[in-house]
Amino acid sequence: MNTALTYAPRLETERLILRGPHRADLAPFTAFLTDSPRMKAQGEEATAPQAWYAFMTGVGHWQWHGFGFFTITLKADDATAVGRAGILKHVGWPQEELAWHLFDGAEGKGFATEAARAVKEWAAESLGLNRLVSYIHRDNVKSQRVAQRLGATTRGEAPAHEPDARIWHHPEAAQ
């Protein structure tokens, strides 16, 4: 069943479709969290039940905040998820985070930058969220490069909720 689980809008870029999560998106997300060498290298792998909770938290973000993770698909195949990008704000976080991750096999093609840029523009235009941060693990060089391509900078400070991460500040969106 590929019915949207949220009322997330559909965003399109040159190569991508960003849409709300579907039930079928849980399987590739679970595989990413449980089996990805990238997640294991950062010590962030999860169990299948933890992946389910994380996925459902993403769905809940849309209901609670009016924003959350978009599923990233290719225009050529909008049924297959290649990653997620969106806006998060968990309890106790000081501000909204622009976040992204690509599933194995989709990295290295510019999809994260393209998707994150679209989400950032949507957040500014539709929600008035002009000051975003990204919490990126200190060893995650690939995500740091995405943040740099988006114009973000860091002063090296760690967020209280994730001491192994660094806060990347995105430039304020144009009004």
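**Charges, strands and patches in a predicted model**

Me: In this predicted model, which helix gives the positive patch its largest share?
Reply: Helix α5, residues 141–149, supplies the largest share of the positive patch, namely 3 residues. The patch itself is formed by R117, K142, R145 and R149, and R145 has its place in helix α5.

Me: Why is R145 called partly exposed?
Reply: The relative accessible area of R145 is 47%, and the partly exposed class lies between the buried class, under 20%, and the exposed class, over 50%; R145 is therefore partly exposed.

Me: What makes W52, Y53 and M56 a patch, and of what kind?
Reply: These residues form a nonpolar patch on the surface, with about 340 Å² of accessible area together. Membership requires over 30% relative accessible area, and W52, which is found in helix α3, has 41% and so counts as partly exposed.

Me: How do you know that the side chains of E12 and K75 meet in a salt bridge?
Reply: Their N to O distance is 3.5 Å, and the criterion is a nitrogen of Lys or Arg within 4 Å of a carboxyl oxygen of Asp or Glu, so the pair qualifies as a salt bridge. Because E12 lies in strand β1 and K75 in the loop between β3 and β4, the pair ties together parts that are 63 residues apart in sequence.

Me: Why are strands β3 and β4 said to pair?
Reply: Pairing needs at least two bridges between the strands, and β3 and β4 are joined in the antiparallel sense over 6 bridges, so they pair. T71 has R84 in β4 as its bridge partner, and a hairpin joins β3 to β4 through 2 residues. Strand β2 is also joined to β3, by 4 bridges and running antiparallel, with L16 opposite L74 in β3.

How values were computed:
Residues are numbered from 1 along each chain as its sequence is written. This is a predicted model: local features need pLDDT of at least 70, side-chain atom pairs count only at pLDDT 80 or more; totals for chains, interfaces and linings use all residues. Side-chain values use heavy atoms; hydrogens and water are left out. Patches are made of residues with over 30% relative accessible area and no salt bridge: like charges are joined within 9 Å, nonpolar side chains (Val, Leu, Ile, Met, Phe, Trp, Tyr) within 5 Å. Accessible areas come from the Shrake-Rupley method with a 1.4 Å probe; for residues, only the protein chains shown count as cover. Lys and Arg count as positive and Asp and Glu as negative; His and the chain ends are not counted. The place of a charge is taken as NZ of Lys, CZ of Arg, CG of Asp or CD of Glu. Buried means under 20% relative accessible area, exposed over 50%, partly exposed in between (1.4 Å probe, protein chains only).
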